[in-house]
Amino acid sequence: MADKRDYYEVLGLNKSASDDEIKKAFRQQAKKYHPDLNPGNKEAEAKFKEVNEAYEVLSDREKRSRYDRYGFAGVDPSYGAGSTAYGGANPFGQDIDIGDIFNSFFGGFGGGRNPRNQNAPRKGSDVEATLNITFEEAAKGCKKEVTYQNVETCKDCAGTGALGGVNLKTCPDCNGLGQVTTQKRTPFGVVQTATTCEKCHGKGKVIEKPCPKCTGVGRIRSQRTVTVTVPAGINQDQILNIGGHGNSGYNGGPAGDLHVYVNVKKHEIFERKGDDVWCEIPLTFTQAALGHEVVVPTLDGKSSYTVHPGTQPGDIFKLKGKGIQHLNSKGRGDQFVKVTIEVPKNLTEEQKKILGEFDKTCTNTNYQKRSSFFDKVKKLFKD
C-alpha cells in the first residue's frame with residue numbers, strides 16, 4: 001500500500017475543493033480512463049479504478065471527513081482502522097456499486113447507451129473533407145464530386161470480425177455478460193466494482209477464426225466518392241453536411257455524417273463583400289474627362305455602363321442585382337465598380353507638346369479639387 005496516492009491528488013484537487021469541483025474532476029478523469037475508450041490498456045484500467053476509489057470517498061461527506069482526519073486508515077480496512085474505530089460494522093447498511101455511480105453521471109457512456117452493453121447499436125463517427133470551388137461556382141451553385149476516406153462495416157463478416165460471421169463463442173471469462181464484477185469487503189460494507197471484460201472487450205463473444213479481410217476488426221477503411229450539391233451563394237469556410245455518409249455505425253447503428261469544408265478560390269478580378277461583388281476598372285484620362293461607354297465584367301457576362309464626364313479616381317458606380325445569390329433565399333447582391341485613372345507613360349515629344357498646350361487652356365474651374373486644396377494651403381500659411 002506504500003504506492004497508494006492521495007485521493008485529492010488522484011482527482012487533481014486541493015482539500016478545499018467543493019462538491020461540484022469533485023464531481024467535475026471525476027467526470028473528466030473517468031472519461032479519460034474508462035475501459036470502453038481504452039480497450040486492452042492495463043494502465044488506463046488501473047487509473048480508472050483509482051479514480052473511482054477516490055471519488056467514492058470524496059463524494060461522500062462522512063467518508064471525506066474521516067479521510068481528512070485519519071487518512072486511508074479512516075476509510076480503508078487494510079490500514080487497520082476497521083476493527084478499532086468501527087468494529088467491522090457497515091455504517092451505511094448497504095453494498096456500494098461504483099459502476100452504478102459512474103452510470104448515474106454519464107447515463108451510459110456514448111449518447112445514452114449502457115456502457116455494459118457493447119452490442120447495442122451505435123452511430124458511427126463523422127468524417128471531414130475539403131471541396132475546392134471557383135468564385136463563379138460559389139456564386140451560382142454547382143454539383144461537385146467529393147472523394148474522401150471513411151470506415152465501413154466489413155461485408156465478408158457483417159462486422160463481427162469472425163470468418164463468415166459465425167465463428168464466435170461465448171466468452172469464458174465473463175460467461176457472455178461482457179463485464180467482470182469484483183467485490184471487496186471493507187468495514188463499511190462490500191464494495192462492488194464492474195469492469196469491462198478484457199478478453200471480449202464487453203461484447204460477450206470471442207472470435208475463434210478471424211475474418212481474413214478485416215483481420216478480426218469487423219471494419220475496413222475505404223475510399224468513397226459522393227456527388228455534392230453546392231447551393232448558390234455559399235461562402236469561404238462554410239460547411240456542407242451530408243447525412244449518413246460518414247463512418248459506418250456499430251452493431252447495426254446508423255452511419256455518421258460527412259462534413260464538407262468549402263474553399264473558394266480567389267478571383268483575378270472580383271472580390272466578395274457579403275453578397276456584393278466589387279471590382280476596379282481602369283479608365284484613361286480622356287475617357288474619365290469626356291465620359292465614355294465602358295464594358296464591365298460581371299458574373300452574368302459583359303455589361304455596358306456609361307461613365308459621366310469628369311469622373312474622378314475612386315468614384316464608385318453600382319450595377320444593381322449583379323452580385324451574388326443570397327444563400328437559401330431569393331434575390332442577389334449588387335456589383336460595385338471602383339474607377340481608377342491610368343496616367344499615360346512613355347509619351348512622345350508630340351504628345352507632350354499637345355498636353356502642354358492643353359494644360360495652358362485649363363483654369364481653376366477645370367480643377368476644382370486642386371483649386372480648393374491650394375486655397376486652404378494659402379490660408380494656413382497666411383494665418
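In what order do the 3 strands of the open sheet stand? I looked this up first, and the order is β2-β10-β9, with mixed pairing. For my notes, strands are DSSP runs of E with at least two residues and helices are runs of H or I with at least four, numbered from the N terminus; two strands pair if DSSP finds at least two bridges between them.

A word on the source: this is a predicted model, where local features need pLDDT of at least 70, side-chain atom pairs count only at pLDDT 80 or more, and totals for chains, interfaces and linings use all residues. Residues are numbered from 1 along each chain as its sequence is written, and side-chain values use heavy atoms, leaving out hydrogens and water.

I then looked at β2 and β10 (residues 258–264): they run parallel and are joined by 7 bridges. L131 has V262 in β10 as its bridge partner.

Then I turned to the helices. I found α2 (residues 19–33) packing on α3 (residues 42–58) at about 165°, with axes 9 Å apart (axes are lines fitted to C-alpha atoms, for helices over the stretch in contact; angles run from 0 to 180 degrees between N-to-C directions). The two are therefore roughly antiparallel (angles over 145 degrees). On the contact (heavy atoms within 4.5 Å), I noted residues including I22, F26 and Y33 of α2 and F48, V51 and L58 of α3.

Definitions and conventions. Parallel < 35°, antiparallel > 145°, perpendicular 65-115°, else oblique.
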